[in-house]
Amino acid sequence: MQILSLNSDLKAYLKLIGYSQDNEVKYWPSSVVTTGGEFIENVCFAEVNEYLRHWGIMPNLDPDKKQIHIQNVQKIQETPNRLPAKFANSLYSEGESGMGYYKFKVVFKDGEESSYVTGSLVDFIKYPNGYSQGMIDNIVHHKTNKNKLQKNLEYVWCLFNGAV
């Protein structure tokens with residue numbers, strides 16, 4: 001299936017949401033409503049050529065990944081599961097904790113901590129009950145507390161052609 005460009009409405013939504021960046025690829029972690037009315041909470045948008053340079057294979061050809069086609073997206077909105085871009089960018093610039101994974105602790109403003117081990121994409125995390133993006137104070141790279149380890153959230157890729 002051909003990868004299409006973003007229409008002006010979808011482009012405007014992505015500009016509002018903003019992106020995180022891992023080397024040469026930009027990610028727009030979002031939620032979407034499909035043209036069929038389905039709500040998908042965790043969708044990561046990326047430009048197809050940047051994605052392929054970084055990941056090497058289309059998501060629909062990788063058995064560990066899921067993909068939705070841009071022509072099936074009606075609306076893009078923020079996801080409550082996003083790790084804010086400044087913290088995601090900090091993790092990406094520090095580099096992986098091991099081959100194909102990141103481990104880190106999120107420290108909240110009240111001192112509470114939550115630990116994560118993710119794959120190579122860090123942008124979607126499960127917040128502890130009662131906590132959200134705006135409550136994060138800091139990230140501790142390459143460290144986890146096994147007693148407070150959160151599960152990795154599933155997400156879907158959505159690729160587009162061209163610039164935002």
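Lys65 and Asp62 are both buried (under 20% relative accessible area, with exposed meaning over 50% and partly exposed in between, for a 1.4 Å probe and protein chains only). Their side chains form a salt bridge with an N to O distance of 2.9 Å (a side-chain nitrogen of Lys or Arg within 4 Å of a carboxyl oxygen of Asp or Glu). The model is predicted: local features need pLDDT of at least 70 and side-chain atom pairs pLDDT 80 or more, while totals for chains, interfaces and linings use all residues. Residues are numbered from 1 along each chain as its sequence is written, and side-chain values use heavy atoms, without hydrogens or water.

**Overall fold**

- The protein has 3 helices and 9 strands, which are DSSP runs numbered from the N terminus (helices H or I, at least four residues; strands E, at least two).
- Along the sequence these elements are arranged as α-β-β-β-α-β-α-β-β-β-β-β.
- The radius of gyration is 16 Å, close to the 15 Å that the globule rule gives for 164 residues, so the protein is as compact as a globular protein of that length (radius taken over C-alpha atoms; rule, 2.2 Å times the number of residues to the power 0.38).
- A box of roughly 45 × 30 × 25 Å along the principal axes holds the C-alpha atoms.
- Of the 164 residues, 45% are buried.
- Taking contacts between residues at least 6 apart in sequence, 72% join residues at least 24 apart (contact being heavy atoms within 4.5 Å).

**Salt bridges**

- The structure contains 4 salt bridges, including that of Lys65 and Asp62.
- Another pairs the side chains of Glu50 and Lys26 at 4.0 Å, N to O. This pair links distant parts of the chain, with Glu50 in helix 2 (residues 48-55) and Lys26 in strand 2 (residues 25-34), 24 residues apart.
- Glu50 counts as buried because its relative accessibility is 14%, whereas Lys26, at 23%, counts as partly exposed.
- Lys105 and Glu113 also form a salt bridge, their closest N and O atoms being 3.4 Å apart.
- Lys105 is buried at 16% relative accessibility, and Glu113 is partly exposed at 26%.

**Helix 2**

- Val48, Glu50 and Tyr51 are buried in helix 2. They lie on the same side of helix 2 because they cover an arc of only 160° around the axis, the arc being that of the directions from the helix axis to the C-beta atoms.
- The cover over the buried residues of helix 2 includes strand 2, strand 3 (39-47) and strand 9 (156-160).
- At the N-terminal end, Glu47 caps helix 2, with a side-chain oxygen 2.8 Å from the backbone nitrogen of Asn49.
- Gly56 follows helix 2 and has a positive phi, near 85°.

**Surroundings of Tyr131**

- Tyr131 sits in the loop between strand 6 (113-118) and strand 7 (136-141).
- Apart from neighbours within four places in sequence, Tyr131 contacts Phe108, Asp110 and Glu112.
- The side chains of Tyr131 and Asp110 make a polar contact at 2.7 Å (N or O atoms within 3.5 Å; within protein, one must be able to donate a hydrogen and the other to accept it, and residues adjacent in sequence count only if both atoms are side-chain atoms).
- Tyr131 and Glu112 are 19 residues apart along the chain, and their C-alpha atoms are separated by 9.5 Å.
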